[in-house]
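Please look through this model with me. My notes follow the picture.

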Amino acid sequence: MIIKRLDTRHYILPLSHPMTDATHGVMTHFEVILAELETECGRTGYGYTYTIGSGGAAIKALIARDLQPILVGADASRIEQIWERMWRCMHYVGRGGLVAFAMSALDIALWDLKGKREGLPLWKLLGGYSKRVRAYAGGIDLQLSPGEMIEQTRRNLQKGFRAIKIKVGRDRLSEDVERLRAVRECVGPDFPVMIDANMRYTVERAIRAAQAFKPFDVFWFEEPTIPDDYSGMARIAREGGIPLAAGENLHTIFEFRHTIEVGQVAFPEPDVSNIGGITNWMRVAKLAYAHNLQVTSHGVHELHLHLLAAIPNASYLEVHSFGLERYIKNPPCLKDGIMTPPDAPGHGVRFDWERLAEHEVS
Ligand SMILES: [Mg+2]
């Protein structure tokens, strides 16, 4: 399965409506960088990564200029070897960052090829644990008032969600408490409600916030502070009294080891599109298994659906892809809180190429 061609494309896609979180402010666009691999026998594999508005051109250049020579001419079935070559080639300027995004797109394309060659969907190829994946609505809703939070929650319940996450991190803690209270009263008890601060707080403020949120039975508190402050995270977990989730801003297996062992993060949250692809995502899942932890996901739910279905220690799947499903012909469906991966070989994502082409950066 020798790779004969690698094409890379960069799209800037408008969001359906402006979205707001505590670190990135108001977002109106996101970027997708897509890699297409073709083998000598004519088989194609697709992988992609995304950004929330910047960095995409550099990722495309990293793939096209620096990583392409490693891929073209290589045997696509030697995924671990290709991964290691990419990692070592870019080590001096990499060890995470944009390099991890570029490697992710390529690694996902390699696994897509492998699934197609073996005639298996990724979730079976990677382990095939359970096709039923619990899903939650990942709201990007910091701008919404308590009344608007209730309307959004009702819409999510109608769509079939049985778990919901909301953003926190407003200037006034009391406003976050009221928004959380509105959601909890709307869904009732024993319904998983997660919160996500997108790194907004200092450690001291995060502890105070956690104590204020605790009466509302929060399932997890995501990214209360910067991911680099591992001992600070541990203090928030211990003194705040809510289990923590983190990982969308961690791009190496070593960072995950620290966030679990030092940071006491209970729900590791690797993102396959920025941790170095499926190869490294599965390493994080096994690391979590060894620590008796369940893994969640971040974004690109059409891909993570396969990964969580593959493993025995899956927590909830975040359903939120910045509206990428508008450019996919077969987006996954939700029924009574459960999503199931497709059985087509590979990841099975079928893009609407015409619609995407309207937004390609030349
Ligand atoms: Mg998050």
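This is a predicted model: local features need pLDDT of at least 70, side-chain atom pairs count only at pLDDT 80 or more; totals for chains, interfaces and linings use all residues.

1. Residues are numbered from 1 along each chain as its sequence is written.

2. Start with the sheet. It is open, with three strands in the order E1-E2-E3 and antiparallel pairing. Strand E1 (3–21) and strand E3 (44–51) each have a single partner strand, so one side of each lacks a neighbour in the sheet. On average, neighbouring strands are turned by 20° against each other, direction ignored. Strands (E, at least two residues) and helices (H or I, at least four) are DSSP runs, numbered from the N terminus. Two strands pair if DSSP finds at least two bridges between them.

3. Now E2 and E3. Strand E2 (residues 25–39) is joined to E3 by eight bridges. Leucine 37 sits opposite glycine 45 in E3.

4. Next, the helices. Helix H1 (residues 56–71) lies across E1, E2 and E3, at about 160° to E1. Helix H3 (residues 97–118) lies across E2 and E3, at about 150° to E3. Angles run from 0 to 180 degrees between N-to-C directions, with axes fitted to C-alpha atoms, for helices over the stretch in contact. Contact means C-beta atoms, placed from the backbone, within 7 Å.

5. Is leucine 324 buried or exposed? Leucine 324 is buried because it has 22 C-beta neighbours inside 10 Å. The cut-offs within 10 Å are 20 or more other C-beta atoms for buried, 12 or fewer for exposed, and partly exposed in between, with C-beta atoms placed from the backbone. Leucine 324 lies in the loop between strand E10 (317–319) and strand E11 (334–335).

Terms used. Two residues are in contact if their C-beta atoms, placed from the backbone, lie within 7 Å.
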